[in-house]
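Please open the structure in the viewer and follow the stops below in order. Each stop names a selection and then describes what is found there.

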Amino acid sequence: MNENTREHLASVKKSYFNILALFLGNEKIDSRFLRCLLKWGLQLNFKTEDLKQANVDITDLKFLTINDKVVKLEAIYHLVYMIYLDEVVEDVELEVATIYATALGFKPSVVSDLFKSIATEPFDETRIRNVRQEVIDFLKVNDA
């Protein structure tokens with residue numbers, strides 16, 4: 001696993017805990033959202049050591065508002081990228097991502113815009129990816 005892949009996976013896992021906290025903070029969780037969250041946990045191949053390493057106690061999870069707009073969009077970008085990578089895009093996954101994006105202060109359309117951007121990437125010129133720069137450019141173009 002190369003350094004970019006490890007960094008991407010670490011970012012997705014960190015975002016996953018925040019998404020999980022957002023939904024666990026509700027008195028009731030819609031079962032389809034819960035299935036989606038469990039599916040992502042399985043896809044991320046979470047192990048007990050991940051929880052220990054992240055110093056996470058599920059019972060004490062709290063949704064954290066992120067102040068840095070680029071970091072917020074990176075979290076959504078990584079999530080949408082993960083949804084795209086398994087080649088099975090479910091409506092509920094996009095709905096959960098949209099709820100998360102809205103909770104972070106973005107317009108709901110940011111998820112579909114990011115998804116389109118990621119899906120068309122193979123048709124763009126081939127170059128080494130700089131996710132942070134892509135996110136910054138996305139913010140400039142879309143005023144997200």
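Select Arg35, Leu38 and Leu42: these exposed residues sit on the face of H2 that is turned away from its buried side. The model is a predicted one.

Next, display the whole of helix H2, residues 31-43. Its 13 residues reach 18 Å from the first C-alpha to the last, close to the 18 Å expected at 1.5 Å a residue. Now colour Phe33, Cys36, Leu37, Trp40 and Gly41, the buried residues of H2. Viewed down the helix axis, they fall within an arc of 140°, so they line one face of H2.

Proceed to the two ends. At the start of H2, a side-chain oxygen of aspartate 30 comes to within 3.1 Å of the backbone nitrogen of arginine 32. Just after H2, asparagine 45 has a positive phi of about 55°.

The next stop concerns aromatic rings. Select Tyr16, Phe17 and Phe46, which ring pairs link into a cluster. How far apart are the ring centres of phenylalanine 17 and phenylalanine 46? The centres are 5.2 Å apart and the planes stand at 50°, so this pair is tilted. Phenylalanine 17 belongs to helix H1 (residues 3-24) and phenylalanine 46 to the loop between H2 and helix H3 (48-53), so the pair ties together parts 29 residues apart in sequence. Phenylalanine 17 is buried, with a relative accessible area of 9%, whereas phenylalanine 46 is partly exposed, at 21%.

Lysine 13 lies over the face of phenylalanine 46, 5.2 Å from the ring centre. Lysine 72 lies over the face of phenylalanine 106, at 5.5 Å from the ring centre.

How values were computed. Residues numbered from 1 in each chain as written. Predicted model: local features only at pLDDT ≥ 70, side-chain atom pairs only at ≥ 80, totals over all residues. Heavy atoms only, no water. Helix = DSSP H or I, 4+ residues; strand = E, 2+ residues; numbered from the N terminus. Expected span 1.5 Å × (residues − 1). Buried < 20%, exposed > 50% of the residue type's maximum accessible area, 1.4 Å probe, protein only. Arc of directions from axis to C-beta. Polar contact = N/O pair within 3.5 Å; in protein donor to acceptor, adjacent residues only side chain to side chain. Phe/Tyr/Trp six-rings, centres within 6.5 Å; stacked < 30°, edge-to-face > 60°. Lys NZ or Arg CZ within 6 Å of the ring centre and 35° of its normal.
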